[in-house]
Amino acid sequence: MAKPKAARRTLDSYTVKHINKTVRAGDCVLMRPSDSGKPSYVAKIERIEADSRGSNVKVHVRWYYRPEESIGGRRQFHGSKEVFLSDHHDVQSADTIEAKCTVHTFKSYTKLDAVGNDDFFCRFEYNSSTGAFNPDRVAVYCKCEMPYNPDDLMVQCEGCSDWFHPACIDMNAEEAKRLDHFFCEGCSSEGQKKLQNSHTASKHPDTKVDTKRRRR
């Protein structure tokens, strides 16, 4: 006769001793990969369970996929710290947790003054079976019509407010950083007239340059 399955109980929190951090449902964590040559896995804890003695602690997680782990692979607009919230659920030993991390919304990530090793961002949900993304469309920018990559430097046209990669407007990064004003091809004629009619244009440069996030 088979032994009855040991009762398990849900924990409100659990302190991972080897990192001295307390985790709870809803926290995002880095987890030890099966291959030591790969980066840590990123996961969101959904539930924490232990046996009746409070040991053998398991975490129910929902995995975040890195772009290179998706069916389509990494693309040019994917940020280095970008992850996708997948539909892949799993149960892992709490001992495989390596650190706590933060998965920001795309908007909040772009506003960070500095990006740490434990900072990531997510703007897509990912179906691991079909390779489909939600949302399936996002805003595109520049002449290349690519979604925004927060790692890339871009300059904003003062006429249409669109953003452009320096390379797409025949410019290098250093030249872009030195710009006082920028008007794209479609706005350049009207833009030059505005500058000529402005007596303070040279004194108050207002070109917006979005530079790469600084790393801690």
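**Exercise 1.** Is Glu 174 buried, partly exposed or exposed, and which side chain does Glu 174 meet in a salt bridge?

*Solution.* Start with accessibility: Glu 174 has 45% relative accessibility, so it counts as partly exposed (buried means under 20% relative accessible area, exposed over 50%, partly exposed in between, with a 1.4 Å probe and protein chains only). Next, look for the partner: Glu 174 forms a salt bridge with Lys 177 (3.8 Å, N to O). The term stands for a side-chain nitrogen of Lys or Arg within 4 Å of a carboxyl oxygen of Asp or Glu. Lys 177 is partly exposed too, at 48%.

A note on the model: it is predicted, so local features need pLDDT of at least 70 and side-chain atom pairs count only at pLDDT 80 or more, while totals for chains, interfaces and linings use all residues. Residues are numbered from 1 along each chain as its sequence is written, and side-chain values use heavy atoms, leaving out hydrogens and water.

**Exercise 2.** Which parts does the salt bridge between Lys 100 and Asp 27 tie together?

*Solution.* First, the contact: the two side chains of Lys 100 and Asp 27 meet at 3.6 Å, N to O. Then locate each end: Lys 100 belongs to strand 8 (residues 97–105) and Asp 27 to the loop between strand 3 (21–24) and strand 4 (28–31), so the pair joins parts that are 73 residues apart in sequence. Helices (H or I, at least four residues) and strands (E, at least two) are DSSP runs, numbered from the N terminus.

**Exercise 3.** How many salt bridges does a search of the whole structure find?

*Solution.* The search gives nine.
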